[in-house]
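Hi everyone, thanks for making time. Let me put the structure up on the screen.

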Amino acid sequence: MAFDIDMIKKVYAQLPARVDKAREIVGKPLTLAEKILYSHLWDGTPNQAFDRGKDYVDFAPDRIACQDATAQMALLQFMQAGKDKVAVPTTVHCDHLIQAKEGASADLQRANDTSSEVFNFLESVSNKYGIGFWKPGAGIIHQVVLENYAFPGGMMIGTDSHTVNAGGLGMVAVGVGGADAVDVMAGMPWELKFPKLIGVKLTGELNGWTASKDVILKVAGILTVKGGTGAIVEYFGPGAKNLSCTGKGTICNMGAEIGATTSTFGYDDAMERFLRATEREEIADEANKIREYLTGDPEVYENPEQYFDQVIEINLSELRPHLNGPFTPDLATPVGELGEKARANDWPINVMWGLIGSCTNSSYEDLTRAASIAQQAIDKKLRPKSDFGINPGSEQIRYTAERDGLLEVFENLGATIFTNACGPCIGQWDRSDVLGDEKNTIVHSFNRNFSKRADGNPNTHAFVGSPEMVAAIAISGRLDFDPMNDTLINEDGDEVKLDEPRGIELPPNGFDVEDAGYIEPDADGSHVNVVVNPTSERIQLLTPFEPIKDEELQGVKLLIKAFGKCTTDHISMAGPWLRFRGHLDNIANNTLIGAVNAFNKKTNFVKNQLDGEYGGVPDTQRAYKAAGIRTIVVGDHNYGEGSSREHAAMQPRHLGVAAVLVKSFARIHETNLKKQGMLGLTFANESDYDLIQEDDTFNFVDIADFSAGKPLTIEVVHADGSKDTIKVNHTYNDAQIEWYREGSALNLIKKQNA
């Protein structure tokens, strides 16, 4: 069934004329990304060319998707906007609050018991405001979106950084904070700095052990975790057409790990096959009518250096399988070289778990390729040395995989089939095989492997690979195993070698499912009452943030100077804290507890300048708030990388932090700070980071003159009375400064709707 087909037909009816006009205005052939961007302008038909990386532009996305952990705060904010119904098609997906422990059935039942209050809230608020609701167990948001909602040439935003997965079906799909989503739900434009463009030309064809996952693992190694910041990555070339639609989705999904705004591929036969296999023939038929508008112009792909800001070329025929990690997804190593590297760095060689699934690699093709390796282990009498865990991407995938015998293969190998949910990928894993902070290694087909990400253990060394490589490594039980060249000893004492994996792009007998888990909202939700218990520990109605007054920015105290990597996981941890994602005051108790204090290299241990004592970051900040003192957070490069969670901005804001000053920001986090009425600033001179001392006080000298394009001046007063005056930059435009002056973007929306 094709959801929202009338909306899609309208997009396709407008797209050719808008693209033609944009091509005329820009004066040159267009990339696919440019076609989608220019055809989704808030003002409709293009009337000017935009400067990449500089111009802020208002867009009109076609749809929104929210996962349960972020949907709570997004919908709590939307309830304040005074609207009767969402302005664009919107869905909520319950996939984050299900902990992997015993297996699918028991884990799902436990989640429904422990998080019923949250699920009931999300279902009722969805029903009231015309939002499609996907029940717990229905699947992981991005796989469900790919199977049901993504369409070539469309634009969507989602309150999860891996919304970019939909680029595998030719969309510009961008992860945003909940406040951005609320704007669009309320009928407002969505603002984005017009992205730069990175072109990745793929030639050749994948073969042997190399998978689509290895393309993005290679790209991550080239660009690093911040190399794609502010850019859309567009894949093209003959190699791109040789990839399956879900393989393209995998590549786009992990584009979040290089900081890219999003990634995308041009419409091709593989996408058409996927649309028809998922019973969306009508979309395929409509897309075929404007096929040339759903990919980049031929001249662009023939001479990419003339049209992209950066071009990378990868020959798929020569690409080797990779395992990336540990502790960062851009530390790329070809499989055959990993053993030597592991021994040199004292990484544990023995592998304790192999985890397959997540939104990155949980398609039918992924499961068949991994199952082909698992079946070989059974046939060749190999007993796996590591534990196996499987997270199917959706109930449709799970049901079809069970029907076709794929899950039975894994179960015969001793694997645990977890719920169709994120599970270990986002820290929702009750792991019982390690004690305390025991040093160990796991391999998985997920997207992120930051410290503590999967199981809360800072000494778990997690490596990212394709599902088939994860299966092979888990069977061997060794990080240094190279299935292309090494052999294993089976139960009979014989030396055996694994054959190359074999996958099936789409199920030969079609997809099937009994209950996909979707609940359609009532056409008129005015009768629905959304009740929130005022004593609830899980859901808390929001009160508007008060604007930060200029006089409050004198005598600002340092809360923490973060050392090194500080992701949204460090600022607002997931795992057990997910249960408080709908309760701002409760979840604020994890604010910055994972950040490393530059002065003592400890986490959650900072100096309180009021009494000179050391304590946890949230407790120290609450003391400053009680004393009426504003604070500042100082950080390093790419501050706020990772998840789109706006809690990483809302929590410090709620506790009284006024500004975040860093060497550089991850895109989504910087926007989230702006939306919540905070100051997101960068050092004009990065070396000024070294000037910041533990007992510093900050005076924002010229905050009264805060304006677009004008740096700010901060006087840093040290404990001995000496001072440093530093310049800081910002990217606020006039509209964003108005958000700041009003206290938040939502405050401004309410004011305009009053």
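I'll talk about cavities and then about aromatic rings.

This is a predicted model: local features need pLDDT of at least 70, side-chain atom pairs count only at pLDDT 80 or more, and totals for chains, interfaces and linings use all residues. Residues are numbered from 1 along each chain as its sequence is written, and side-chain values use heavy atoms, with hydrogens and water left out.

Cavities, then. On a 1 Å grid over the protein atoms alone, a cavity is a set of points where a 1.4 Å probe fits but cannot get out, and lining residues have an atom within 4 Å of a point. Points are joined across faces, edges and corners, and a volume is the space filled by probe spheres set on them. We get 8 cavities of 30 Å³ or more.

The largest cavity holds about 180 Å³. Its lining has 21 residues, with Ala 256, Gly 259, Gly 642, Ala 666 and Ile 668 nearest the centre. The second largest cavity comes to about 140 Å³, and His 96, Asp 160, His 162, Ile 426 and Arg 453 lie nearest its centre.

Now the rings. Phe, Tyr and Trp (its six-membered ring) pair if their centres lie within 6.5 Å; planes under 30 degrees apart are stacked, over 60 edge-to-face, the rest tilted. There are 23 aromatic pairs. Tyr 12 and Phe 151 have ring centres 6.0 Å apart and planes at 70 degrees, so this pair is edge-to-face. Finally, one aromatic cluster is formed by Phe 3, Trp 134, Tyr 149 and Tyr 518.

Note on methods. 1 Å grid on protein atoms, 1.4 Å probe; cavity = no way out; pocket = protein on both sides within 12 Å on 5 of 7 lines; lining within 4 Å.
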